[in-house]
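Colleague: Before I set anything up on this chain, could you walk me through it, beginning with the loops?

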Amino acid sequence: MLFRSRLERIDIEGGLNEAVLIKGGDRISICGCSIRNTGAAGIRAAAGTAVEIRSCDLFDIGAEAIVLDSGVRATLARGESMIVGNHVHHTGATSRTTYAVIVQGVGNTVSNNLIHDTPMGAVGYGGNDHLIAANEIHNVGLDAGDVGAIYTNGDWASRGTVIRGN
């Protein structure tokens, strides 16, 4: 895929809010970055399409490491965004009740990530037709009693997500 915008091999450290914030746009790649010591999310991508977050290291994060909302639920238009091959650990330093990775929208992929040492679960999702596959998850839910490594809330319209091989 040809990307319009790329953020590649950048180290981002320290800050009170998100390290990277994407609002809209399409064909955006964040690849090979190291993000640490944030007060809020490491990467927050809202309302974009074909957003790729690949091979990044995210750790010592205040809240979620990655929040991705891609695709339109009202029309079921696919976001075709992906979170692939990242190493995510030690999240939720200031917000202990959030998942390390959150995916929303329609038709996105979370695969081949290593996620560990989080106070809540590894992946929280909502929306339709996502693929959550081949992630290695361990040492999650360290501060929680009612949590899953991969978790969704009770939205009856949230259907079609495939979870396999994690």
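**Loops, core and overall form**

Modeller: The model is predicted, and a residue to begin with is Asp146, which is exposed, with a relative accessible area of 67%.

Colleague: In which loop is the place of Asp146, and how far apart are the C-alpha atoms of Asp146 and Ala133?

Modeller: Asp146 has its place in the loop between strand E18 (136–140) and E19. Along the chain Asp146 and Ala133 are 13 residues apart, and the separation of their C-alpha atoms is 22 Å.

Colleague: Is Ala47 buried or exposed, and what is its phi?

Modeller: Ala47 sits in the loop between strand E6 (43–46) and strand E7 (49–54). Its relative accessible area is 60%, and because exposed means over 50%, Ala47 counts as exposed. Although Ala47 is not a glycine, its phi is positive, at about 70°.

Colleague: Where is the place of Leu76, and what is the relative accessible area of this residue?

Modeller: Leu76 is another residue other than glycine with a positive phi, here near 60°. The place of Leu76 is in the loop between strand E9 (66–72) and strand E10 (77–78). Leu76 is partly exposed, with a relative accessible area of 45%.

Colleague: Which residues does Gly85 touch, leaving out those up to four places away in sequence?

Modeller: Gly85 lies in the loop between strand E11 (82–84) and E12, and it is partly exposed, with a relative accessible area of 33%. The C-alpha atoms of Gly85 and Ser111 are separated by 6.7 Å, while the two residues are 26 apart along the chain. With residues up to four places away in sequence not counted, Gly85 touches Ser55, Cys56, Ser111, Asn112 and Asn113.

Colleague: How many aromatic pairs are there, and which residues form a stacked one?

Modeller: The count comes to 1 aromatic pair. Its ring centres are 5.9 Å apart and the angle between the planes is 10°, and because planes under 30 degrees apart count as stacked, that is the class of the pair formed by Tyr99 and Tyr151.

Colleague: How many helices and strands does the chain have, and what is its radius of gyration?

Modeller: There are 0 helices and 20 strands in the chain. The globule rule gives 15 Å for 166 residues and the chain comes close to that value, so it is as compact as a globular protein of that length, with a radius of gyration of 14 Å.

Colleague: What share of the chain is made up of buried residues?

Modeller: Among contacts between residues at least 6 apart in sequence, 54% join residues at least 24 apart. The chain exposes about 7,700 Å², of which carbon and sulfur atoms supply 50%. Of the 166 residues in the chain, the buried ones make up 47%.

Colleague: How far apart do the centres of the positive and negative side chains lie?

Modeller: The chain carries 13 positive and 17 negative side chains, and the distance between the centres of the two sets is 8 Å.

Key
Residues are numbered from 1 along each chain as its sequence is written. This is a predicted model: local features need pLDDT of at least 70, side-chain atom pairs count only at pLDDT 80 or more; totals for chains, interfaces and linings use all residues. Side-chain values use heavy atoms; hydrogens and water are left out. Rings of Phe, Tyr and Trp (its six-membered ring) pair if their centres lie within 6.5 Å; planes under 30 degrees apart count as stacked, over 60 as edge-to-face and the rest as tilted. Helices (H or I, at least four residues) and strands (E, at least two) are DSSP runs, numbered from the N terminus. The radius of gyration is taken over C-alpha atoms; the globule rule is 2.2 Å times the number of residues to the power 0.38. Buried means under 20% relative accessible area, exposed over 50%, partly exposed in between (1.4 Å probe, protein chains only). Contact means heavy atoms within 4.5 Å. Accessible areas come from the Shrake-Rupley method with a 1.4 Å probe; for residues, only the protein chains shown count as cover. Lys and Arg count as positive and Asp and Glu as negative; His and the chain ends are not counted. The place of a charge is taken as NZ of Lys, CZ of Arg, CG of Asp or CD of Glu.
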